[in-house]
Amino acid sequence: MKFKGKEIKACIFDLDGTLLDSCSIWKEVDERFFEKRGMKVPSDYSKEIGPLGLDKASEYTIKRFNLKEKKEDIINEWLSDVIRCYEEEVELKPYAKEFLDFLKKNNIPMFVATANSRECYEPALKRNGIYEYFDYIENTSSYPKGKKDPAIYLDLSERCGIDPKNIIVFEDIVIGLENAAKAGFITCAIYEKTSQEEDKKKEIADFYCIDYLELLR
């Protein structure tokens with residue numbers, strides 16, 4: 001399929017902030033977490049943990065703030081705060097469903113590379129009617145560096161047997177876009193209202209869009 005002048009044979013999507021409009025929920029979780037411990041959320045905190053899964057994010061948090069807590073307890077605290085929101089409230093980013101329908105009609109394989117846990121994303125994807133669209137969902141928990149390394153994208157490329165130059169990666173975080181680009185993937189940055197790095201994303205990505213309607217025109 002020709003798309004914006006590029007030959008596209010597969011797509012890899014991030015979830016939170018890219019397909020799911022859920023970043024504000026995690027921001028609130030962070031605020032409550034630090035407030036309970038008498039601290040404020042550091043300005044760089046979400047950027048640092050964004051590419052990591054919950055397991056490594058909890059390890060990072062414990063180490064950075066010298067917390068005398070078990071990572072399992074921290075993960076459970078985070079999950080108990082957000083699972084209901086994913087089950088009942090989290091919606092798709094504008095026109096995401098329509099864009100996925102377009103890809104499906106054109107027989108383009110779709111994959112997911114996410115730092116989120118299955119307990120959260122699965123009910124949200126099912127409720128919004130897109131869970132079955134994806135050939136495979138990969139989690140950063142299997143990767144020591146999360147998305148601070150292109151391995152997760154390269155593994156999905158190998159899984160589908162398609163060269164990175166013909167795969168477009170959709171991301172809302174700079175580190176994900178940088179590493180996908182370095183590994184030879186086509187990249188598309190998605191606008192996220194909670195992000196403070198939109199200008200940087202525009203510089204890195206092959207494409208940048210406010211919403212998926214721009215990609216359907």
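This is a predicted model: local features need pLDDT of at least 70, side-chain atom pairs count only at pLDDT 80 or more; totals for chains, interfaces and linings use all residues.
The description begins with helix 3, which spans residues 54–65, and helix 4, which spans residues 71–88. Their axes lie 9 Å apart, and the two helices pack at an angle of about 115°. The crossing of helix 3 past helix 4 is right-handed. On the side of helix 3, the contact is made by Leu54, Asp55, Ala57, Ser58, Glu59, Thr61 and Ile62. Helix 4 contributes Lys71, Ile74, Ile75, Trp78 and Leu79.

The charged side chains of the structure are considered next. Side chains of opposite charge can pair when their charged atoms come close. The structure holds 19 salt bridges. One of them joins Glu69 to Arg37, with the closest N and O atoms 2.9 Å apart. This pair links distant parts of the chain, since the two residues are 32 residues apart. Glu69 belongs to the loop between helix 3 and helix 4, whereas Arg37 lies in the loop between helix 1 (23–36) and helix 2 (45–49). Glu69 has a relative accessible area of 28% and is therefore partly exposed. Arg37 also counts as partly exposed, at 21% relative accessibility; the limit below which a residue counts as buried is 20%. Beyond this pairing, Arg37 and Glu69 belong to a network of salt bridges that also links Lys36 and Glu77.

Attention now turns to Arg84, in helix 4. Arg84 forms a salt bridge with Glu88, in which the closest N and O atoms are 3.4 Å apart. Where do these two residues stand relative to each other in helix 4? Because Arg84 and Glu88 are four residues apart in the helix, about one helical turn separates them. Arg84 also forms a salt bridge with Glu89, and here the closest N and O atoms are 2.8 Å apart. Arg84 is partly exposed, with a relative accessible area of 41%. Glu89 is likewise partly exposed, its relative accessible area being 42%.

Definitions and conventions
Residues are numbered from 1 along each chain as its sequence is written. Side-chain values use heavy atoms; hydrogens and water are left out. Axes are lines fitted to C-alpha atoms, for helices over the stretch in contact, and angles run from 0 to 180 degrees between N-to-C directions. A crossing is left-handed if the near helix is turned anticlockwise from the far one by less than a right angle, and right-handed if clockwise. Contact means heavy atoms within 4.5 Å. A salt bridge is a side-chain nitrogen of Lys or Arg within 4 Å of a carboxyl oxygen of Asp or Glu. Buried means under 20% relative accessible area, exposed over 50%, partly exposed in between (1.4 Å probe, protein chains only).
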